[in-house]
Amino acid sequence: MSIQHAEGTGTAPRSAGTDVPGIREVTRAEIERFWEDGWVRLPRLIDPALVGSLLRRAQQLMGPNGDANEERLGFDFETSPASQSFRSPSEVDDLYERVVLSRQLGRNAALLLGRDHAQRFFDDILLVKLPLSQRQDRGQALGWHQDKNPTDRSWIYFWIPLDHVSPEQGAVRYLTGSHKLGPLWRGGRCVDLDEAYRLAPRLRSCRMSEEMSFEPGDVMAHCSWVVHGTDANVGTRARWVYRPSFLPADAVYMGVPSPTIAERGIKAFEVLDHPDFPVVYEPAAGGGAG
Ligand SMILES: O=C(O)CCC(=O)C(=O)O
Ligand SMILES: [Fe+2]
């Protein structure tokens, strides 16, 4: 089996499936927790020095306070009152490119999903939640939602703080075990907690994750169907988060509106076989993950 090589927007070919030093493998206990809860905290998944380098590069793209990048119309997600964003840093920065194409994140996605199967990188985004005191329109809470997933298999999303994050800065919170309820309402639609309970009464039995603090290197991972949201940033510092996503290579596009997929010529019920969705992990012959 061969690893795909994808053409980037730069001149150098992107090489998928390369080992990047400083990213550990998830443990068996973490995989079990993830299976139960739909999300898992992964302490020191990434070497803090590597995370520090990612932060510096994010600051080059978005300014030292995360508020200086101009929205690229039609490319960066629509202005969200919950954060300032920079879409696809891996297309313009070689370190982000190496991290998302690393074999380890792909393998960790496979391990968490519980099946030793090839994984594709889908997309990535920097999410800077600015202090509300500074920007009312970039620091608000993000309502409860399941992530958009236009395919037939669960995806893995890594939520990677690039700097210390304390609870008042608006970290992600989960309704634990809610992935077991499957898709509940249109992916990506954010609602308040009362509305979430009205739409899916069984969510009331899902414990809300605690408020948490994060050190550089700590990572959260979640699957497609777990309901989650964030609080507002009522702190004084910007909250820097990097969020790449991965999916099983054999997942097929279900045809629901997804410009990212459709504009690449992928049709309903086809796999996402395109250089922009490179396979970053292939199991060793004979399997063996987990
Ligand atoms: O923390 C954020 O800004 C967004 C969290 C979220 O919804 C996600 O990572 O899918
Ligand atoms: Fe989300």
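**View 1. Burial within the predicted chain.** Buried residues account for 54% of the 290 residues in the chain, and the model in which they are counted is a predicted one. For a reader new to the term, a residue is called buried here when its relative accessible area is under 20%. The accessible surface of the chain comes to about 12,900 Å², and carbon and sulfur atoms contribute 52% of that surface.

**View 2. The overall fold and its dimensions.** Six helices and 14 strands make up the secondary structure elements listed for the chain, and the C-alpha trace spans about 50 × 45 × 35 Å along its principal axes. Because a compact globule with 290 residues would have a radius of gyration near 19 Å, the value of 18 Å for the chain agrees with that expectation. When contacts between residues at least 6 apart in sequence are considered, 80% of them join residues that are at least 24 apart.

**View 3. The iron site.** The iron ion (ligand 2) is coordinated by the NE2 atom of H145, by OD of D147 and by the NE2 atom of H228, at 2.0 to 2.2 Å. Read along the sequence, these donor residues follow the spacing H-x1-D-x80-H. Both H145 and D147 are buried.

**View 4. Charged side chains.** The chain carries 33 positive and 39 negative side chains.

Notes. Residues numbered from 1 in each chain as written. Chains lettered and ligands numbered in written order. Predicted model: local features only at pLDDT ≥ 70, side-chain atom pairs only at ≥ 80, totals over all residues. Heavy atoms only, no water. Helix = DSSP H or I, 4+ residues; strand = E, 2+ residues; numbered from the N terminus. Rg over C-alpha atoms; globule rule 2.2 N^0.38 Å. Buried < 20%, exposed > 50% of the residue type's maximum accessible area, 1.4 Å probe, protein only. Contact = heavy atoms within 4.5 Å. Areas by Shrake-Rupley, 256 points an atom, 1.4 Å probe, with all protein chains shown as cover. Lys, Arg positive; Asp, Glu negative; His and termini not counted. Charge placed at Lys NZ, Arg CZ, Asp CG, Glu CD. Donors = N, O, S within 2.8 Å, 3.2 Å for Na, K, Ca; no water.
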